[in-house]
Amino acid sequence: LPQELGQLPNLYLLKVENNNLSGDVMSLASCLSLNIFRNVSYNNLGGNIPTGNNFSRFSPDSFIGNPDLCGYWLT
């Protein structure tokens, strides 16, 4: 998962399930314009799932299938 995604000020929608992406999902926490987070499920993402900003309203199903993710949504 490119760190640069977190620096895109106009990123509005993200849907990248089943793409074998890896990296830390926290890089997306700074995307304040991210309003629609459809799916990052079934990749190889890791780290704590952010709970602030827009992340608090995303579906838990958006994160499943990433064995190294942890946090609120996966409890």
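Me: What does the side chain of asparagine 66 reach at 3.0 Å?

Reply: The backbone oxygen of phenylalanine 63. Keep in mind that this is a predicted model. A polar contact here is a pair of N or O atoms within 3.5 Å. Another such reach goes from the side chain of asparagine 66 to the backbone nitrogen of asparagine 43, at 3.2 Å.

Me: Where is asparagine 66 in the chain?

Reply: Asparagine 66 sits in the loop between β4 and β5.

Me: Is asparagine 66 buried or exposed, and why?

Reply: The cut-off for buried is under 20% relative accessible area. Asparagine 66 has 5% relative accessibility, so asparagine 66 counts as buried.

Me: Which residues does asparagine 66 contact, beyond its neighbours within four places in sequence?

Reply: Val40, Ser41, Tyr42, Asn43, Asn44 and Leu45. Look at Asn43 in that list. We take asparagine 43 next.

Me: Where does asparagine 43 lie?

Reply: Asparagine 43 is in the loop that links β3 (36-39) to β4 (44-48). Its relative accessibility is 4%, so asparagine 43 counts as buried.

Me: Which backbone nitrogens lie 2.9 Å from a polar atom of the side chain of asparagine 43?

Reply: One is the backbone nitrogen of asparagine 20. Another belongs to leucine 21, again at 2.9 Å.

Me: What else does asparagine 43 touch?

Reply: Leave out residues up to four places away in sequence. Then asparagine 43 touches Val16, Glu17, Asn18, Asn19, Asn20, Leu21, Gly65, Asn66 and Pro67.

Me: Now the whole chain. How many helices and strands are there in the protein chain?

Reply: Zero helices and five strands. Along the sequence the pattern reads β-β-β-β-β.

Me: How do strands of a sheet pair?

Reply: They pair through backbone hydrogen bonds, and the sense is either parallel or antiparallel. Now this case. An open sheet of three strands has the order β2-β4-β5, with parallel pairing. At its edges stand β2 (22-24) and β5 (68-70); each has a single partner strand, so one side of each has no neighbour in the sheet. On average, neighbouring strands of this sheet are turned by 25 degrees against each other, direction ignored.

Me: How many bridges join these strands?

Reply: β2 and β4 pair over three bridges, in the parallel sense. β4 and β5 also run parallel, joined by three bridges.

Me: Which residues stand opposite residues in β4?

Reply: Take two from the list. Aspartate 24 stands opposite glycine 46 in β4. Glycine 23 stands opposite leucine 45 in β4. For the other pairing, glycine 47 faces leucine 69 in β5.

Me: Where do side chains point in a regular strand?

Reply: They alternate between the two faces of the sheet.

Me: Which residues touch the most other members of the largest nonpolar core?

Reply: Think of a core as buried nonpolar residues joined through side-chain atoms. The largest nonpolar core here has 16 residues, and Leu14, Leu28, Leu34, Val40, Phe63 and Leu69 touch the most other members.

Me: What does valine 40 touch?

Reply: Again, skip residues up to four places away in sequence. Valine 40 touches Leu14, Val16, Glu17, Leu45, Ser62, Phe63 and Asn66. Leu14 and Phe63 were among the core residues named above.

Me: What share of the residues is buried?

Reply: Buried residues make up 39% of the 75 residues in the protein chain. The chain exposes about 4300 Å², and carbon and sulfur atoms supply 50% of that area.

Me: Where are alanine 29 and cysteine 31 found?

Reply: Alanine 29 lies in the loop between β2 and β3. Cysteine 31 is found in the loop between β2 and β3 too. Alanine 29 is buried, with a relative accessible area of 17%. For cysteine 31 the value is 2%, and cysteine 31 is buried.

Me: How far apart are the C-alpha atoms of alanine 29 and proline 50?

Reply: They are separated by 6.2 Å, and the two residues are 21 residues apart along the chain.

Me: What share of contacts joins residues at least 24 apart?

Reply: Count the contacts between residues at least 6 apart in sequence. Of these, 32% join residues at least 24 apart.

Notes
Residues numbered from 1 in each chain as written. Predicted model: local features only at pLDDT ≥ 70, side-chain atom pairs only at ≥ 80, totals over all residues. Heavy atoms only, no water. Helix = DSSP H or I, 4+ residues; strand = E, 2+ residues; numbered from the N terminus. Buried < 20%, exposed > 50% of the residue type's maximum accessible area, 1.4 Å probe, protein only. Polar contact = N/O pair within 3.5 Å; in protein donor to acceptor, adjacent residues only side chain to side chain. Contact = heavy atoms within 4.5 Å. Areas by Shrake-Rupley, 256 points an atom, 1.4 Å probe, with all protein chains shown as cover. Core = buried A, V, L, I, M, F, W, Y, C linked by side-chain atoms within 4.5 Å. Pairing = 2+ DSSP bridges. Axes fitted to C-alpha atoms, helices over the stretch in contact; angles between N-to-C directions.
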